[in-house]
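Subject: Model handover

Hello,

Here is the structure we talked about passing on. My notes follow below it.

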Amino acid sequence: MPEKSAAPPGVRPMRERISCRDCAIRQHCLPANLRDDELQRLDAIVLRGRPLHKGEHLFDAGQPLQQLHAVRSGTLKSYLLNSEGGEQITGFHLPGELLGLDGLGACGHPGFAVALETSMVCSIPLARLEELAADMPRLRGELLRVMSAAIHAEHEQWRLTRKAAAERLAGFLLELSQRFRARGYSARNFILPMGRCEIANYLGLTSETVSRLLARYRARGLVEISGRELRVTDLQRLQQLGGIDSIERTG
């Protein structure tokens with residue numbers, strides 16, 4: 001489905017009172033280290049529209065790349081389709097994270113992005129972003145920073161999927177915990193925005209394996225689970241299981 005406007009499919013371009021300067025998740029997004037005057041120039045090209053509802057696509061595979069998208073609230077997942085038409089999840093995207101970077105080299109989106117819950121995005125027209133970056137070295141640096149972070153995330157996913165199943169799931173929960181904590185939320189109590197089948201797909205496991213491992217973690221006193229609400233009750237032991245020892249034990 002080709003884009004027909006400068007806004008995401010189904011999102012009518014509009015200006016809102018919120019600005020990059022006032023955004024609570026600015027430090028995780030593209031304008032993190034821009035000066036006020038640079039921030040104003042970037043904010044002038046950002047498009048903000050209505051929310052994406054659960055199950056609504058932000059973009060589809062093959063769609064021309066015309067914008068980068070920053071998650072403002074909610075959660076999205078990105079995925080590819082395999083040769084049999086099955087879904088392979090490639091990432092879960094929290095507020096402050098950018099989508100569309102993987103299409104820069106090909107000038108088109110290689111995969112899909114869909115909202116896991118009601119979500120808001122800021123869309124940045126790529127042509128205008130390139131014009132600004134040519135004139136703003138600090139913005140070019142920010143683009144390199146977010147691209148580097150995306151590459152690092154891909155490497156971490158590759159490493160994670162080569163661990164044993166129990167380590168894989170523990171590492172995923174810990175990494176999600178870190179990301180929530182970085183955004184000012186609790187590292188120990190959070191709602192999983194994705195279902196167990198989606199976690200299993202992302203980690204290369206079966207949903208039965210994920211359910212069995214979560215039950216095992218609960219029996220060992222590592223976590224408490226109620227629906228999608230998860231509470232980490234023994235962070236140190238979960239870190240040991242996941243092979244991670246650098247997460248702060250607060251939050």
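Start with helix α2: its face turned away from the buried side carries the exposed residues Glu130, Glu131 and Ala134. Exposed is over 50% relative accessible area, buried is under 20%, and partly exposed lies in between (1.4 Å probe, protein chains only). Helices (H or I, at least four residues) and strands (E, at least two) are DSSP runs, numbered from the N terminus.

Some ground rules. This is a predicted model, in which local features need pLDDT of at least 70 and side-chain atom pairs count only at pLDDT 80 or more, while totals for chains, interfaces and linings use all residues. Residues are numbered from 1 along each chain as its sequence is written, and side-chain values use heavy atoms, with hydrogens and water left out.

Back to α2 (residues 126-135). Its buried residues are Leu126, Leu129, Leu132 and Ala133. Seen down the helix axis, they fall within an arc of 120°, so they line one face of α2. The arc is taken from the directions from the axis to the C-beta atoms. Their cover includes α1 (36-43), β3 (67-73), β8 (120-125) and α3 (137-160).

Helix α1 also holds aspartate 37. Its relative accessibility is 41%, so aspartate 37 counts as partly exposed. Its side chain makes a polar contact with the side chain of arginine 35, at 3.2 Å. A polar contact is a pair of N or O atoms within 3.5 Å; within protein, one must be able to donate a hydrogen and the other to accept it, and residues adjacent in sequence count only if both atoms are side-chain atoms.

Now the cores. A nonpolar core is a set of buried Ala, Val, Leu, Ile, Met, Phe, Trp, Tyr and Cys residues joined through side-chain atoms within 4.5 Å. The largest has 35 residues, and Leu169, Phe172 and Tyr217 have the most contacts inside it. Its largest share, eight residues, comes from α4. Apart from this core lies another, of 23 residues, including Leu39, Ile45, Ala70 and Leu139.

Leaving aside neighbours within four places in sequence, phenylalanine 172 is in contact (heavy atoms within 4.5 Å) with Phe92, Leu160, Met194, Ile199, Tyr202 and Leu203.

Last, confidence. pLDDT is the predictor's confidence in each residue, from 0 to 100. The chain mean is 87, and 90% of residues reach 70 or more. Among the elements, β7 has the highest mean (98) and α3 the lowest (85). Over residues 1-16 the pLDDT is below 50. It also stays under 50 over residues 246-251.

Best wishes
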